[in-house]
Amino acid sequence: MTIAYLGLGSNLGERHLNLIYGLQLLSSSMELVQLSSVYETEPWGYTEQPRFLNLVCKVETDTLSAYQVLENAIDVERKVGREPNFTYGPRILDIDLLLYGDEVISTNELVLPHPRMRERAFVLVPLAEIASSQIHPLLGLSIKDLLKQVPEVKSAKLWAPPFNRDTL
């Protein structure tokens, strides 16, 4: 069984419902083990857009490779309604594969661990909530320690407690 962590974000339409629908679709191909709370965060990269709702989910799979998890995530984004946009632009649903076991991958299709997760409070705050002692495979630091290094942590505001995964 491989444990992976995925970050989900939405800043268009019914943000909360987009996250729920995304989680429902993800659960058809892998087991949702744990969900973080939902956080409202400032946009990153391109700031002239609505605020995001973000969460992180812990999943387990015994059949999907990291590439297959990524392919499923892209398929879920499309099913929820994501359309091509510019880099860091607004989106109905964005799903990032953050960690897949302790694998380190660097290809044109996939980079693991996610290359910018250590810079982003909107990823590290919910990830630390459910996996604070998880070690970053390249840096050798816990998620909790990485979070201490991110200056805009206070910009991630608790928006809602974790979804009940049994009722998704």
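Reader: How are axes and angles defined for helices here?
Author: Axes are lines fitted to C-alpha atoms, for helices over the stretch in contact. Angles run from 0 to 180 degrees and are taken between N-to-C directions. Helices (H or I, at least four residues) and strands (E, at least two) are DSSP runs, numbered from the N terminus. This is a predicted model, in which local features need pLDDT of at least 70 and side-chain atom pairs count only at pLDDT 80 or more, while totals for chains, interfaces and linings use all residues. Residues are numbered from 1 along each chain as its sequence is written, and side-chain values use heavy atoms, with hydrogens and water left out.

Reader: Are α1 and α2 roughly parallel, roughly antiparallel, roughly perpendicular or oblique?
Author: Helix α1 (residues 15-26) packs with helix α2 (residues 66-80) at an angle of about 135 degrees, and their axes are 9 Å apart. Angles under 35 degrees count as roughly parallel, over 145 as roughly antiparallel, 65 to 115 as roughly perpendicular and the rest as oblique. The angle therefore makes α1, relative to α2, oblique.

Reader: Which residues of α2 make the contact with α1?
Author: Contact means heavy atoms within 4.5 Å. From α1 the contact takes Asn-18, Tyr-21, Gly-22, Leu-25 and Leu-26. On the α2 side the residues are Ala-73, Val-76, Lys-79 and Val-80.

Reader: Which side chain forms a polar contact with that of Asp-94?
Author: Asp-94 is found in strand β5 (residues 94-100) and is buried, with a relative accessible area of 14%. Not counting residues up to four places away in sequence, Asp-94 touches Gly-7, Leu-8, Gly-9, Glu-77 and Arg-82. A polar contact is a pair of N or O atoms within 3.5 Å; within protein, one must be able to donate a hydrogen and the other to accept it, and residues adjacent in sequence count only if both atoms are side-chain atoms. At 2.7 Å, the side chain joined to that of Asp-94 by a polar contact is Arg-82.

Reader: How many residues of α3 are buried?
Author: What covers the buried residues of α3 includes β1 (2-10), β2 (31-35), β3, β4, β5 and α4 (143-148). Among the buried residues are Phe-122, Leu-124, Pro-126 and Ile-130. α3 is mostly covered, the buried count being 10 of its 11 residues.

Reader: What separates the C-alpha atoms of Glu-119 and Glu-152?
Author: Glu-119 lies in the loop between β7 (111-112) and α3 (121-131), and its relative accessibility of 38% counts as partly exposed. Leaving aside neighbours within four places in sequence, Glu-119 is in contact with Trp-44, Val-150 and Glu-152. Glu-119 and Glu-152 are 33 residues apart along the chain, and their C-alpha atoms are separated by 9.4 Å.

Reader: With which residues is Pro-50 in contact, leaving aside its neighbours within four places in sequence?
Author: Pro-50 lies in the loop between β3 (38-41) and β4 (52-61). Pro-50 is partly exposed, with a relative accessible area of 39%. Its contacts, with those neighbours left aside, are Asn-11 and Pro-43.

Methods
Buried means under 20% relative accessible area, exposed over 50%, partly exposed in between (1.4 Å probe, protein chains only).
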